Amino acid sequence: MDRVKSSMQQVPNAIPKVIRRTTGGANSLELEKDNFERGQAVSINKAINTQEVAVKEKHARTCILGTHHEKGAHTFWAAVNRLPLSSNAVLCWKFCHVFHKLLRDGHPNVIKDSMRNKADLTDMSRMWGHLSEGYGKLCSIYLKLLITKMEFHIKNPRFPGNLQMSNRQLDEAGENDVNNFFQLTVEMFDYLECELNLFLGVFSSLDMSRSVSVTAAGQCRLAPLIQVILDSSHLYDYTVKLLFKLHSCLPADTLQGHRDRFQEQFKKLKGLFYRSSNLQYFKRLIQIPQLPENPPNFLRASALSEHISPVVVIPAESSSPESEHVVETDDLVDTDVPALPPALETKFDDLFGTSAAIDPFNFNSQNGLRKDDKDRLIEQLTREIQALKDELESFRLESGRLCQALRGRVNELEAELAEQSHLRLQAAGESEFLKAELDDLRRVREDSEKEQRSLTEIEKKAQANEQRYTKLKEKYSELVQSHADLLRKNAEVTRQMTVARAAQDEVDVVRREMQEKVKAAQEVADRQERDQLEQLQELQRELVSSRTELDSLKTTMASSQQASSEVLSTQLVALESEKAELVQSLSKVEAELVVHGEELERVQSSLATERESGVKTAEALQNQLNEKESREQALESQLVAARWSSLQGAVEEAEKIIQDSLAQIDDPAHISCTSSADYLASRCQASLDCMDRLHSAREAFLADNTGVSELVRVVTQCGHLVGDTIVQGSATSHMVPAGQADALSESVKACGAEALALLGQMKQQSSLSAADNGKLRAALEAILATAEELRPRGLELQQGELGDLVEQEMAATSAAVESAAARIEEMLNNSRAVDTGIKMEVNERILASCTELMQAIKELILSSKNLQKDIVESGRGAASMKEFYAKNSRWTEGLISASKAVGWGATVMVDAADLVVQGKGKFEELMVCSHEIAASTAQLVAASKVKADKDSGNLHRLQKASRGVTQATAAVVASTKSGKSQIEEKDTMDFSSMTLTQIKRQEMDAQVLVLELETRLQRERERLGELRKKHYELAGVAEGWGEQEEG
């Protein structure tokens, strides 16, 4: 305004009151445009330069206002395209910062105008991406972010550049379609991922151990993160709201990937916000919100009410160190006023007069001034007016910017006020909740005191239970130990019982012997007593007779006393002595009787004592025997229970295996699994064999329940085999036609159902004896029959036929190779006799290489035979070679095919060589035959070594022979090419005698021939492809591929 006043004071009084306006309007517009472009170019060059300092806010603001002025970004891109962005990383970094501001705060057409330069930005990002450190890597990440931002806003035009939207606008952006919301959430995840990558890239490039935020270089890198923080806060808020909306419409499993990705980005964003809020540079420029401690729980719909949108607050620009002056609110210019203020219009009328409106083209009253002076004065005044208009426009733009900033500040304060109100309401609710919770806590405390007392009692009971448990545990240990001891004692008691029984038998024998001895002694004593009584009676009789005789003698003596006194006295003396002897013998006999009586009493007392001790020992042994029998009965019952529980565990495990196999059939991931009919048949046969063992083991268990281990083992094995059969049957059904696949699937499911029914019967002790595996066997036999039908036709050969066929083919191949070698030798001799010169040399070289090839093939076939014998003899096959070939029929058929191909190739190559030597054949035929022989020998080597041990010596010899065949084939091809080149050298092309027209004609004919040959070559290549395809089909039918493809 001061400049306006000063310019008005400098205008002389003689100024005309009329201004010429014929061409002034167009010139002023062009001048205004030039001034605008010049000002924009200056601001862009000041904002985007090579100095490693942060972009000044006033220059970036001028660029933003320029986009609103021209309603686009043409001027910006015209100036930027002249900058060397690809040669200076700092310049590119600052360009990205300014461009990010324009995308956020510039005119909406900035995004559309910038999409024309997307390819250039992509190339520039790829170029800077080759650098692994410094600004180059950061520029690559930043450019990817800007490209992602432009693509996001092009796909979603409802989103403004600054991403500020209400909840209603967010719902309208998805058009209330869950698919749109789903896709929009994915795009926001990608957008936020780019923002986080730039965040992490800037932080990883800084040395956070120093105060980098106060240095110019550090601020240059940190300044763009303000825009990233603004975008990230909105993206986080919208992502949370969209995920809650999706969870209200879709199942939780469908959104598992969204939740996992949100969890990962939430952790990164929370950590980055926390690290940024601690930097001194951000504390004075932006107020960064803090995310909650834990991410929202999307599975709980009520958690949306607990979500608080993060609000990023940018303080007033007066607090920014980049502000150049302080603007008071009272000095702000109202943006609603007309283009020219009334005061300025009044001064303009006062200056130029009102007559200008009446006669604007009257230049006659110029008061004597010359025309040139007037024109200069008019131009000067026009320039000053234009300068004043520019200044006024700048004031208007500045006031508009300030108003916009204040409106933004008001919106932020309103948002903060709303947040504070929300927090106040939340605090009031929390206070009421806390009051209620306090009352509850008081009640809970009273209850807790009661519970504490009861808890004390419970703890005492728990301690008592713990002690009781400890005692029981100890008692259990003792019982286990006593059980072991009892088992040992049982063996000992058994041994003692055996000894006791033997002792009892000995006691009985001794008792019987003693009784017999006592009886014998009593009989002897009775007999001796009778004898003694008889002797005593006899002595008494003798005594009586002696006394009688004595009386008679006395009488006689009395009568003849004197006559026989001497004889009587003598007889008397003899009788007295005899009497004394008899009395002495009688006393001895009585003493012996007393001794025998004492001995008899002693024997009877010892027998009574032994009888009592024997009875006591027998009673003790009988008690021990009874205790042992009771313990054996208890142990036997425990053993029976343990056997049955182990059997039930095995049956349950088998049921789980089969149920898991049936579950795999319905698993979508199992659809990609395939199997062969051969393997399915082998699994079915193994399951049927196991059924026989299961029946035998069950019958043995029913007869003697002690043999449970064999039944448990067989049940577990049957579970595994039947489960494997179910899985392999389902996998095989994926390879067969639809009808057979459905039948096989039904058979497999029926097999699983029958297996579960059989195992269910075996779980019950009452139904174990009635369990019948006939239905399961029938189901397995049905699957086996289906597998046999699906097996390739080549497997239908008998064992002897297949084995003989292998031997015949190998012998035929050897014979063919021998015959080919003999023919080559014959051809070589004939060529030496007939041909001369270069032709003989070429023929000799070709036939010599063919001879070497035949020799290498013979060595290869011999090595293959030795390797096959090695496979059979080393135990890798069956007992004999024919049985081995029949068992491995698919491999055998491949071996037969390879042998046929080798023999056929050798025969065809000899025929081709014969024609070449005779001059009737083509060298190309010989080269093709050589390649076919190399391929056939490679097939033979692969078929031979597929079942061989990798450390086998014959395998190494076979591989060495294969390399020899390859080298010999290469020699044949090389000699053929060399011979062809030597023979074709004779046909040299001589064009010396041809005219220009003839050469042109020949050239045209050659071009026509080239085109014809190229067309023919293309047709022949297509024909070759079809032939190979048909060859593969026929080979597949011969080896059983067709049935598998149909399956």
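1. The chain exposes about 61800 Å², and carbon and sulfur atoms supply 53% of that area. Accessible areas were computed by the Shrake-Rupley method with a 1.4 Å probe, and for residues only the protein chains shown count as cover. The model is predicted: local features need pLDDT of at least 70, side-chain atom pairs count only at pLDDT 80 or more, and totals for chains, interfaces and linings use all residues. Residues are numbered from 1 along each chain as its sequence is written, and side-chain values use heavy atoms, with hydrogens and water left out.

2. On secondary structure, the chain has 30 helices and zero strands. Both are DSSP runs numbered from the N terminus, helices being H or I of at least four residues and strands E of at least two.

3. Of the 1047 residues in the chain, 34% count as buried. Buried means under 20% relative accessible area, exposed over 50%, and partly exposed in between (1.4 Å probe, protein chains only). Among contacts in the chain with a separation of 6 or more, 80% come from residues 24 or more positions apart; a contact means heavy atoms within 4.5 Å.

4. A search of the whole structure finds one disulfide, defined as a pair of cysteine sulfur atoms within 2.5 Å. The bond joins Cys 690 to Cys 718, with an S to S distance of 2.5 Å. The pair links distant parts of the chain: Cys 690 belongs to helix α19 (residues 677–703) and Cys 718 to helix α20 (residues 708–733), 28 residues apart. Both Cys 690 and Cys 718 are buried. The torsion about the S-S bond of Cys 690 and Cys 718 is about -110 degrees, so the disulfide is left-handed.

5. Two other cysteines deserve a remark. The closest cysteine sulfur to that of Cys 139 is in Cys 92, at 4.0 Å, which is too far for a bond. Cys 139 counts as buried because its relative accessibility is 0%. Cys 403 also counts as buried, at 15% relative accessibility.

6. Backbone torsions come last. Most residues other than glycine have a negative phi. Lys 71, however, has a positive phi near 55 degrees. Lys 71 sits in the loop between α3 (57–70) and α4 (74–80), and its relative accessible area of 54% makes it exposed. Asn 176, not a glycine, has a positive phi of about 55 degrees. Asn 176 is in the loop between α9 (167–174) and α10 (178–205) and is exposed, with a relative accessible area of 68%.
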